[in-house]
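Subject: Structure for you to look over

Dear colleague,

I am passing on the structure we spoke of, and I would be glad if you looked through it with the notes below at hand.

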Amino acid sequence: MSEKSPPAPAAASEEPRPSLASIVGEGARGLLVPLLAVFTAVVIGGVVIWLTGTGPAPSDVKGWPGFLVQSGLWRPLLAYLGLVQGAFGSRQALSETTVWATPYIFAGLAVALAFKGGLFNIGAEGQLALGALLAAWIGFALPGIIGPLPTIVHVPLALLGGALAGAFWGAIPGWLKARTGGHEVINTIMMNYLALLLSSYLLNGPWKDPNPSNVVAQTPPIAPSARLTPIFEGYRLHWGFILALLVAFAVYWLLWRTTLGFEIRTVGSNPKAARYAGIAVERMIVLTMALSGLLAGLAGANEVVGLNYGHTLSFNIGYGFDAITIALLGKTNPFGVVLAAILFGALRNGASRMQFLTQVPIDIISVIQALILLFVAADAIVRFLYRIRARGTKLVLTRGWGG
Amino acid sequence: MRKSLYPMLLALALIVPLLAACGGGATGGTAATSAPVAQATAAPAPTAASAPTTAPAPTAAAEATAAPAPTTAEATAAPEAKTLKVGLVTDVGKVDDKSFNQSAWEGVQQAQKDLSADVKFIETTDPKDYQKNIEQFADANYDVIVTVGFALGEATYQDAKKYPKIKFIGVDQFQAKDDKHPDIPLANLAGLVFEEDKAGYLAGVLAASVSKSGTIGAVCGTDVVPAVWRYGEGYKAGAKSVKPDINVQVVYHSDVGFDKTFTDPEWGNTTGLAMIDKGADVLFGCGGKTGNGALQAAANKGVYAIGVDTDQYLTLPEAQKAMISSAEKLITPGVFGLIKSSQDGSFKGGNNVGPVGLAPFHDLDSKVPADVKAKLQEVDKGLQDGSIKTNVPPTKPS
């Protein structure tokens with residue numbers, strides 16, 4: 001897009017309500033660069049596996065062409081075969097991939113929504129921790145205060161409480177930005193520390209499981225009425241995954257089908273033009289950060305309610321940061337985020353089987369994730385490698401101080 | 001497309017330093033692995049782990065025939081199908097962490113060498129994968145699965161019930177029967193646990209014997225953790241056994257939360273320095289990084305330091321010149337012993353007490369008089385045959 005682009009509101013008002021199909025379509029066209037980024041990362045990761053591997057070929061490669069075995073090329077091939085088997089190769093594997101993907105979807109949506117509003121929310125980690133914390137408290141302590149609750153009330157209450165805690169935590173840096181111009185990148189990072197230290201205090205102190213045999217910083221298990229059950233017996237896939245998909249659709253609806261979403265995107269594309277058009281930019285910044293925090297809080301609450309049935313210090317370390325890569329890989333498109341989250345879930349989940357088969361360092365997954373981030377963020381590399389011309393709107397990652 | 005080869009090559013060139021780093025790491029790991037875990041006074045403890053192996057139990061034969069069907073099927077195809085298969089699942093961490101994960105993996109590697117076992121590991125990256133990682137091995141019909149660390153206790157218990165034919169070894173997983181675990185001890189689940197008070201006792205004997213000032217100290221994590229309590233109290237008892245009038249200061253960092261008590265080197269350092277100021281000339285650091293802070297203080301002030309859990313001369317180079325020994329849990333022989341017992345049929349479920357001992361004196365070997373070395377040997381023997389008791393209760397009386 002040229003520098004002299006028309007103001008965003010005008011551009012957007014030409015097409016005020018793009019259909020779902022067009023959003024999906026835009027996403028599909030936008031898939032090319034992310035797919036090539038993933039592909040390139042996987043190829044380079046394969047070279048790393050090939051060159052660093054040690055140890056003899058296992059019996060799994062019996063019957064493979066000789067040159068593959070002799071050259072050591074069996075190693076990356078078997079590693080990726082294991083990765084795919086471990087992520088998708090059985091019902092159990094599929095179920096585990098969704099277990100990994102669920103928090104990634106919520107947290108990825110959180111970061112993506114903030115990007116759409118022109119804000120860089122590095123605070124998903126802290127918002128997620130706080131969401132988990134409050135959801136756990138509602139799960140284990142609330143029945144003791146107000147009496148037993150039916151599941152139909154208790155589960156939504158825990159999720160809502162966690163979501164609101166995240167929203168509150170996200171709104172603070174939003175408010176600081178709107179009122180003082182303090183940059184959200186700095187403030188969300190600081191809020192992360194506050195959230196983690198607060199968790200540490202509560203989980204070691206007042207909210208710690210009083211069971212005498214417990215030596216870990218964790219809450220008591222949440223009441224059975226506050227638990228989301230697995231969808232199928234014997235698998236950990238739980239209703240939280242379905243909820244994540246519904247929320248992704250809700251985020252799409254909010255951003256492209258409501259006035260509020262239009263205002264968020266307008267502020268994100270060009271705050272000056274948004275102000276000129278009569279949008280309360282400050283209010284939008286606070287609201288965007290609160291919504292972003294809400295989604296991140298839901299990620300944490302959902303892990304407590306659907307998977308862990310309690311909250312332990314040091315659970316969920318890093319989801320909020322992986323979410324940044326996921327949002328970028330998904331091009332901040334809600335459906336793109338779902339795909340990227342499933343990919344990351346698959347990488348994390350399949351890693352065990354990959355290591356089981358080939359004994360390559362499990363850190364190779366982190367290497368691949370980092371390469372994906374590199375190629376997605378610096379997409380000029382991918383465009384240059386594959387000779388793709390840039391098209392479409394450019395993503396505004398973040399603005400300067402007080403912007 | 002041909003032109004785009006150059007950037008690809010460039011990208012490869014950029015990757016090379018990364019590879020070098022990875023390769024270096026791997027080599028380092030192997031080097032550390034191959035280093036013999038020398039034992040000064042350690043000897044096998046009276047446990048299932050060290051059951052006499054010269055007399056093969058009659059059950060061994062029965063076990064061979066009871067092997068799972070797939071193995072039998074493979075046996076016709078390949079002669080080496082009878083190979084013992086041992087898998088290890090780490091806690092969140094790596095097999096070269098210079099700590100429990102590595103020690104346990106070395107025990108498994110010894111099984112590879114001595115028992116020609118087929119061995120593999122999986123490194124856990126997130127607690128939610130514990131069970132899945134264990135089941136990678138279980139579903140592949142492994143014979144023995146080693147899980148490292150207290151945190152894997154629950155997942156190990158669940159899988160031990162699910163796969164009754166597979167032997168499970170839970171390092172540092174105390175097997176206690178309660179409402180949630182009514183069927184403990186399971187016949188196929190051995191918890192490898194340690195009597196830290198005996199290791200602490202040996203450290204106390206050493207400290208009291210080499211002290212000239214008559215004052216020694218210990219800087220520990222919280223005494224709410226039974227293992228830490230046993231180390232600290234064992235140290236006290238050991239020191240008093242040599243010199244009844246010795247001044248032993250044992251300080252537990254019980255005033256902070258669990259996330260802080262083992263990761264507070266500043267507090268450990270300050271506390272250690274305060275003890276040295278009051279005349280302490282040997283410091284025992286027992287409590288992760290907190291204890292390391294005290295060892296560092298000892299090194300800076302030129303007094304003796306005694307490490308904990310593993311041979312800290314190797315893992316804490318900055319305190320090396322002061323490290324006279326470490327009170328060790330000998331996980332490597334403990335794990336190996338249990339794997340071996342699964343072969344000769346002497347494997348027994350429930351708690352298996354692993355060997356403890358003192359690490360080598362390394363650079364300070366010449367500072368330990370021969371009579372002290374002899375005394376340590378004697379005490380170690382006494383602790384093992386039960387003629388010497390530490391009289392330390394398993395947990396702090398409340």
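What follows describes chain A as a whole, then some of its helices, and then a sheet in chain B.

This is a predicted model, in which local features need pLDDT of at least 70 and side-chain atom pairs count only at pLDDT 80 or more, while totals for chains, interfaces and linings use all residues. Residues are numbered from 1 along each chain as its sequence is written, and chains are lettered from A and ligands numbered from 1 in the order in which they are written.

Chain A has 18 helices and zero strands, where helices (H or I, at least four residues) and strands (E, at least two) are DSSP runs numbered from the N terminus. Its radius of gyration is 22 Å, close to the 22 Å that the globule rule gives for 403 residues, so chain A is as compact as a globular protein of that length; the radius is taken over C-alpha atoms, and the rule is 2.2 Å times the number of residues to the power 0.38. The C-alpha trace of chain A spans about 70 × 65 × 35 Å along its principal axes.

Helices α5 (residues 74-88) and α6 (residues 91-116) of chain A pack at an angle of about 85°, with their axes 5 Å apart; axes are lines fitted to C-alpha atoms, for helices over the stretch in contact, and angles run from 0 to 180 degrees between N-to-C directions. The two helices, α5(A) and α6(A), are therefore roughly perpendicular to each other (65 to 115 degrees, with under 35 counted as roughly parallel, over 145 as roughly antiparallel and the rest as oblique). Q85(A), G86(A), A87(A) and F88(A) of α5(A) make the contact with A93(A), L94(A) and T97(A) of α6(A), contact meaning C-beta atoms, placed from the backbone, that lie within 7 Å.

In helix α15 (residues 319-329) of chain A, 10 of the 11 residues are buried, so this helix is largely enclosed by the rest of the structure. The elements that cover its buried residues include α3 (32-52), α6, α7 (124-140), α14 (281-308), α16 (334-358) and α17 (364-377) of chain A. Just after α15(A), K331(A) takes a positive phi of about 55°.

V337(A), which lies in helix α16 of chain A, is buried, with 32 other C-beta atoms within 10 Å. Leaving aside neighbours within four places in sequence, V337(A) has contacts that include I105(A), L109(A), A248(A) and I326(A).

In chain B, six strands form an open sheet with parallel pairing, in the order β2-β1-β3-β4-β5-β11; two strands pair if DSSP finds at least two bridges between them. The edge strands of this sheet are β2 (118-122) and β11 (350-354) of chain B, each pairing on one side only. Strands β1 (residues 85-89) and β3 (residues 144-148) of chain B pair in the parallel sense over four bridges, with V144(B) in β3(B) as the bridge partner of V86(B). Helix α6 (residues 153-162) of chain B packs on the sheet and touches β3, β4 (167-171) and β5 (189-194) of chain B. Five bridges join β3(B) to β4(B), and five of the five residues of β4(B) are buried.

With best wishes

Definitions and conventions: Contact = placed C-beta atoms within 7 Å. Buried ≥ 20, exposed ≤ 12 C-beta atoms within 10 Å, placed from the backbone.
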